[in-house]
Amino acid sequence: MSSWITMPDNDECHKIAADFEKKTHIPQLIGAIDGTHIPILPPSDGYRDFINRKGWPSMILQVVVDNKYRFRNIYCGSPGSCHDAAVFQTSKLYKNHNLLIPKETKIILNVPVPYLIIGDPAYPLLEWLIKGYTKCTRLTPEEESFNVYLNSARVCVEIAFGRLKARWRRVLKRIDVHYTYVPYVISAVCILHNIVETRNDTFLSAWEHAIREIQQAEVQQPELRRTRNLDNFNAIKIRDTLNTYLAENFELRRTFVT
């Protein structure tokens, strides 16, 4: 992978976490993870494997995005029919997280909190991957507020996908090359994205409309297959600690449904 796409070292994690904490009051956040579907020309053999829930053929791009909308880790190649949790479990990020994420912790309410990546409900709750509360019964006001704060940080990945597809329409429209070459095309576009974001290249106002259309088209409820068996007990303790910390020190927020 290019030097333009790397997980942050400890010094950079410290800076990223400080920026996220200013916005959300949640310490130790270093990025957000999510997946997006890239339209492709599927193979005739195994065509159905590439058909996603919206009914068109795609390949899934999983990314970790930092506070400046840059891709810090990417994984591409899974067919569109795969669930986000299944893609995650086959990625190098999941398998090598202990080598990719610095170990520094911060003591919050007497609990050591490690650096954390934010995921949506489709992902498991792990010591290094945090997600909001999901329950069949109604959330407590504190849990609902925690989700609101957490989601305000997770929006960075949605913005990054929008900017990627607004700039490079090749990943918005169908990529008409042999499907085995698609990961190389996507990787190249992700590198270009990081270059222009790092250099603060101009993002044309005319593209803002395209971003809104892309985001509206991709808004969907996550496919909530059971991932509870992967949830980590210590991760539950970390999330509950952060929930208590927010509730004791900052105003409660509510989700506004229109």
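The following exercises, each with a worked solution, concern a predicted model of a protein chain.

**Exercise 1. Describe the overall make-up of the protein chain.**

Step 1. The secondary structure is counted: the protein chain has 8 helices and 7 strands.

Step 2. Burial is considered next. The protein chain holds 258 residues, of which 48% count as buried.

Step 3. The surface is then examined.

Step 4. Finally, contacts between residues at least 6 apart in sequence are sorted by separation: 72% of them join residues at least 24 apart.

**Exercise 2. Determine how helix 5 and helix 8 are oriented to each other.**

Step 1. Two packed helices are described by the angle between their axes and the distance between the axes.

Step 2. The axes of helix 5 and helix 8 (residues 233-249) come within 9 Å, and they cross at roughly 95 degrees.

Step 3. Angles from 65 to 115 degrees count as roughly perpendicular. Helix 5 and helix 8 are therefore roughly perpendicular to each other.

Step 4. The residues making the contact are named: Glu142, Glu143, Phe146 and Tyr149 belong to helix 5, while Arg239, Leu242, Asn243, Leu246 and Ala247 belong to helix 8.

**Exercise 3. Decide whether His193 is buried or exposed, and identify its contacts.**

Step 1. His193 is located in helix 6.

Step 2. Buried means under 20% relative accessible area. His193 counts as buried because its relative accessibility is 0%.

Step 3. With neighbours within four places in sequence set aside, His193 is in contact with Tyr69, Arg70, Phe71, Ala160, Arg163, Leu164 and Trp168.

Step 4. For one of these residues, Tyr69, the separation from His193 is 124 residues in sequence and 9.2 Å in space, C-alpha to C-alpha.

**Exercise 4. Locate Tyr181 and classify its accessibility.**

Step 1. Tyr181 lies in the loop that runs between helix 5 (141-167) and helix 6 (182-198).

Step 2. A residue is exposed when its relative accessible area is over 50%. Tyr181 has 52%, so it is exposed.

Step 3. Together with Val177 and Tyr184, Tyr181 forms a nonpolar patch on the surface, and the three have about 350 Å² of accessible area together.

**Exercise 5. Examine the phi angles of His25 and Leu109.**

Step 1. Most residues other than glycine have a negative phi.

Step 2. His25, in the loop between helix 1 (10-24) and strand 1 (29-39), has a positive phi near 70 degrees.

Step 3. Leu109, in the loop between strand 4 (105-108) and strand 5 (111-114), has a positive phi near 50 degrees.

Step 4. His25 counts as partly exposed at 23% relative accessibility, and Leu109 counts as partly exposed at 42%.

Technical notes: Residues are numbered from 1 along each chain as its sequence is written. This is a predicted model: local features need pLDDT of at least 70, side-chain atom pairs count only at pLDDT 80 or more; totals for chains, interfaces and linings use all residues. Side-chain values use heavy atoms; hydrogens and water are left out. Patches are made of residues with over 30% relative accessible area and no salt bridge: like charges are joined within 9 Å, nonpolar side chains (Val, Leu, Ile, Met, Phe, Trp, Tyr) within 5 Å. Accessible areas come from the Shrake-Rupley method with a 1.4 Å probe; for residues, only the protein chains shown count as cover. A salt bridge is a side-chain nitrogen of Lys or Arg within 4 Å of a carboxyl oxygen of Asp or Glu. Helices (H or I, at least four residues) and strands (E, at least two) are DSSP runs, numbered from the N terminus. Buried means under 20% relative accessible area, exposed over 50%, partly exposed in between (1.4 Å probe, protein chains only). Axes are lines fitted to C-alpha atoms, for helices over the stretch in contact, and angles run from 0 to 180 degrees between N-to-C directions. Angles under 35 degrees count as roughly parallel, over 145 as roughly antiparallel, 65 to 115 as roughly perpendicular and the rest as oblique. Contact means heavy atoms within 4.5 Å.
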